[in-house]
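Welcome! Please take a look at the sequence and the model below, and then read on for a short briefing.

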Amino acid sequence: TKYVYDFAEGNRDLKDLLGGKGANLAEMTRLGLPVPPGFTITTEACRAYLADKRQPAELAQEIDTHLRQLEATMGKTLGDADDPLLVSVRSGAKFSMPGMMETVLNVGLTDVSVHGLAKRSGNERFVWDSYRRLIQMFGKTVCGVPGESFEHAIDSAKLHRGTTDDLDLDVDDLRELVSAYKRIFKDHTGRDFPQEPRDQLELAILAVFDSWNADRAVLYRRQERIPADLGTAVNVVAMVFGNTGSDSGTGVAFTRDPATGARGVYGDYLANAQGEDVVAGIRNTVALADLEQLDPASFAELVRIMNVLEQHYRDLCDIEFTIERGKLWMLQTRVGKRTAAAAFIIATQLVDEGVIDLDEALRRVTGGQLAHLMFPAFAATQIRPLTRGIAASPGAAVGRAVFDSARAVQWAAEGEKVILVRRETNPDDLPGMIAAQGILTNRGGKTSHAAVVARGMGKTCVCGADDIVVSKGQFTVDGTTVVEGDVISIDGTTGRVYVGEVPVQASPVVEYFEGHRSGEPLVLAVDRLLTHADAQRRLAVRANADTGDDAARARRFGAQGIGLCRTEHMFLGDRRGLVESLILASTAPEREAALAALLPLQRADFVTILRAMSGLPVTIRLIDPPLHEFLPPLEELAVQVAVAEATGTPHPHDVAMLAAVKRMHEQNPMLGLRGVRLGLVIPGLFAMQVRAIAEAAAAVAREGGDPHPEIMVPLVGAVQELEAVRHEALQVLRDVAAETGVDVPTLIGTMIEVPRAALTAGQIAESAQFFSFGTNDLTQMGWGFSRDDVEGAFFTRYLELGIFGVSPFESLDRDGIGRLVRIAVDEGRATRPDLKIGVCGEHGGDPDSVHFFHEAGLDYVSCSPFRVPVARLEAGRAAL
Ligand code: ADP
Ligand code: MG
Ligand code: MG
């Protein structure tokens, strides 16, 4: 195996092997852009190292060969006493994991070579600055020396100088700092800072490999659903120096505004600085546009290169660059992360510019992004903003202020909504960022750690709010103090920060679906890509809706019918009494009277829904939950009756009710008397519901509507169950047709939600005109765990152990539950080729699951009205 690739050998398609950074450095090299020479050690080498806990035999040799080549190109030797070559050692995995893994700069500086470089460059300050950076990064990354030790040392050097700016430290200060750093290094590691350049290089490379498994990297991957076994590549790059004086510097740039997609020059620049300084928020950066004044030639060159990259990648790119004494160097590029809104806008902009076609545009947006855009934002408010920061990641977040990551995690676990407030964030804050509703920082720009990570997670973030003073457990702005636990609101779209709870309002995208908004770039882009998705997709999208209002909204959101109308909601509220009398009925006439009283109410509900969905199918599920869910809880009632007995005579109704509740009590109600079982045990219950549906359909048809009811029987496990219900239902349908003189064609089908139903789907299809997968119950019964109990109990542990990467209630488990789905589809269609098959349950609106249902050959998915656009988009993407 070949473990090392020169930049000239790779290209952008080799991300699996070279990581994103390495593949793109190679691509830029091929494009003839000014990239410092270097080479990439593959992810394969990393995987081998991590598996065997030692580097593969050939690796060191291959590195030597490539290092010698690099030295030849540069005309310098690594760490040479007179004229040292220095390199950076940079992590770079297939998927970008901003700030999660390690990079060491200035490798090759030693007590000897530091003098050589000083003489060659004639710039002592820069050399000592570089050396102290090397010891700091190497100490922290390679040897686990706590970063604070170094930070304290540099802080006290600055204090000594009476300054807060690194740039005020002179050569002597820096030389002393190097001594202090070396002492710190020795105190913590028990040995001297390594003086052999090749050792430095090897140790740094292995440390980058190891950083793949650092806690924060593991957590980040879980959050972002990045597979745990990819490993990282390592890039060894000849150093170029932005810290040699005011004619040098380093910066980051975007080819378009990552927040809005607007074209222009976006980014941050910092003169006389190295690498991380820009993102670390150590000093205040200037806007990239200001570089035009500082160094017009480099600025022009940068703009030219940005155009080259945009055209080449046909997308927004982000860029890291360094200027060394007026010469521009490209250190990184990639297709840039962007906000959800910008993703839609940029994709359609690129279509208009003729750069990509609509299919490609559709590939570049996701249902997750669309879902994010459907979140509410703050309403106009009388509350005066406390302060303003940089709008780094959009959305509206309200919560209690907390000032450290652990506290955020703890409070969130207790059900509190929290906002994490930090001077600036670093990768150690990740757990708190995940737990928080939003993030507020005092320092750093749009490219700071907080901003980049928050955008990646779709989390609201305001950063660089430089009026706020953050101290332990509180922050202040102009005399207003916010302490831990105070509610604050932050607006990631405008950057505003408020004390107290600001009311939130609907998203523009939702308003557009509601027909209240049009014309602005975002809604135009969403409309265009959804229209294209609709044209491409094979899956129909229906909604789960129980009321006329929900049905109407679902239609506005593009639903092509109702895939699940639950009837149990219709038994609640003031109708509870009727259900109680049904349950308490001890004779047939009593029971019939109770059912007769429910009939007109149900009929009226169905009329509203069938009207709202005129022309489209409406799947109505007969009652599913166990009846005791409609009764008072056993303990409560028992106490009430006992108390009444002690003080006098209890009410006879209560006594009868208690007896009924006791009689119906179940140890495992989820596996008990519910669904079709209920229908077969309580005479007349299902017949009443079928009659209500048929009469409602007849009424809607008579008033000129076009009802398409579909009757769905829940929890069937055997064809005989369905056959019994169907027999009774057909009789009712015939009766109603005869009585009303209107014969509305009505399908009768079943849920597939008990594993046995999936496994006997061939038989069940004899009796069912359609299947609808109830994937919640199917998951629950397939895995044998109760959805209502698992989350707190053991899912966290299961996720930690990697038993599943995401809860199977969120994304369908393809291997297990998905197999049941496939079996049922295949065997059901073998019996009845025109069998209509859909899915109801929240998986129907989950992007990954939608792709699965497309592959499995379903006819439609059904999900909550708000997820309908997401499902439309993803169904379109699945069909590309
Ligand atoms: P990350 O993945 O966290 O961005 P990088 O590997 O890109 O880490 O490096 C961190 C910083 O160091 C970046 O700002 C990068 O531009 C800078 N850097 C990396 N290699 C070099 C180099 N050879 N010369 C100068 N700066 C470098
Ligand atoms: Mg970088
Ligand atoms: Mg169910």
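The shell around ligand 1 draws on two domains: domain 1 (4–238) and domain 2 (249–335) each give at least three residues to it. Domain bounds here come from an automatic or database domain assignment. This is a predicted model, in which local features need pLDDT of at least 70 and side-chain atom pairs count only at pLDDT 80 or more, while totals for chains, interfaces and linings use all residues. Residues are numbered from 1 along each chain as its sequence is written, and chains are lettered from A and ligands numbered from 1 in the order in which they are written.

**Around ligand 1**
- Ligand 1 is surrounded by 16 residues, and the closest are S88, R90, T103, G275 and L331; a residue counts as near if its C-beta atom, placed from the backbone, lies within 6 Å.
- Two or more residues each come from β5 (87–93), β6 (103–107), β7 (232–238), β11 (317–324) and β12 (327–335); strands are DSSP runs (E, at least two residues), numbered from the N terminus.

**Domains**
- Besides domains 1 and 2, the assignment gives domain 3 (375–505) and domain 4 (537–565 + 604–619 + 706–878).
- The centres of domain 1 and domain 4, taken over C-alpha atoms, are 54 Å apart.

**An open sheet**
- Five antiparallel strands make up an open sheet, in the order β10-β9-β8-β11-β12; two strands pair if DSSP finds at least two bridges between them.
- At the edges lie β10 (286–287) and β12, each pairing on one side only.
- Strand β9 (residues 263–271) is joined to β10 by two bridges, and D268 has A287 of β10 as its bridge partner.

Terms used:
Helices (H or I, at least four residues) and strands (E, at least two) are DSSP runs, numbered from the N terminus.
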